Amino acid sequence: MENNSMTVEFESSSNNESFARVVVSAFVARMNPTLTEVADIKTAVSEAVTNSIIHGYENNTGRIRIETYIVEDTVTIIVKDNGVGIDNIERAMEPMYTSKPELERSGMGFAFMEAFMDELFVESKVSEGTIVTMRKVIGKSENDWGSEID
Amino acid sequence: MENLYEMKDEILIIHLPEELDHHIAGLIRESTDELFTCKKIRDVVFDYKKTSFMDSSGIGLIMGRYREVRYLKGDVYLVNISDKMERILSISGLYRVAKRLDTIGDAIKDIEFKRTT
């Protein structure tokens, strides 16, 4: 797999959530991921982008930037916003914790990102923004025999 | 999104769309809130037949409807679950509050049985 990268930036509108996950999964498609791997990446991107829209920008207008890097068999996805930031990352990452129960948030966003990706890092500064970095090795799941063909 | 909903004997059946993210969950929540205020709903069946994508916003939508029906001792059912959806649903812990059955018919049978006993 040749190394490659892609950046996309868009407005923090909820109808861009599907655009964001489709564009990342289309870029990653050249790595020959399994259907499960594609589904995992789509869910993780959707969670990160939704967080930026609801929590980062609190439904106000802002920009969300997604950088995607393919290095050998690993994809790195970085989702950045310049929103309000997270004051307590540890608490925000606890499963079932949500700062917005009135919006029917399940509190499972970070838990899903963790479950569906191999690595997850969250950096944030209050009133500056949040950077979510997720990494996944493509082709290591058992049902993916594509990775054995070099 | 009118055709997403079906009412039968105080059962609300929601035929979920292909993708269930924060954007779409918000639209469904608005229209179900309306249905809940103007109709008596005791049980809710979420039909996943067409659904191939769901994230944690979908989980929030179902938990919210569960909170609404449990005051009337109602239940929330999830039917026509594909392997892809099963992966998300089992991780979410939603099966602690929602019942998974194969078809809409199975859910209706279960509700009828529950109401006669």
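Before counting bridges I noted the rule: two strands pair if DSSP finds at least two bridges between them. I also wrote down that this is a predicted model.

Entry, a strand pair. I looked up strand 4 (residues 43-47) and strand 6 (residues 76-79) of chain B and found that they run parallel, joined by 4 bridges. Picking out Val45(B), I saw that its bridge partner in strand 6 of chain B is Tyr77(B).

Entry, the whole sheet. I then traced the order of the strands in chain B: 1-2-4-6-7, which makes an open sheet of 5 strands with mixed pairing. Strand 1 (5-8) and strand 7 (98-101) of chain B each have a single partner strand, so they stand at the edges with one side lacking a neighbour in the sheet. On average, neighbouring strands of this sheet are turned by 20° against each other, direction ignored.

Entry, Met63(B). I found this residue in helix 2 (residues 56-69) of chain B. Is Met63(B) buried or exposed? Met63(B) has 21 other C-beta atoms within 10 Å, so I logged it as buried, the cut-off being 20 or more. Met63(B) touches Val97(B) and, in chain A, Glu104(A) and Ser106(A), leaving out residues up to four places away in sequence.

Entry, Leu4(B). I located Leu4(B) in the segment before strand 1 of chain B. Leu4(B) is partly exposed, with 16 other C-beta atoms within 10 Å. Leaving out residues up to four places away in sequence, Leu4(B) touches Ile14(B), His15(B) and Pro17(B).

Note on methods: Residues are numbered from 1 along each chain as its sequence is written. Chains are lettered from A and ligands numbered from 1 in the order in which they are written. This is a predicted model: local features need pLDDT of at least 70, side-chain atom pairs count only at pLDDT 80 or more; totals for chains, interfaces and linings use all residues. Helices (H or I, at least four residues) and strands (E, at least two) are DSSP runs, numbered from the N terminus. Axes are lines fitted to C-alpha atoms, for helices over the stretch in contact, and angles run from 0 to 180 degrees between N-to-C directions. A residue is buried if 20 or more other C-beta atoms lie within 10 Å of its own, exposed if 12 or fewer, and partly exposed in between; C-beta atoms are placed from the backbone. Two residues are in contact if their C-beta atoms, placed from the backbone, lie within 7 Å.
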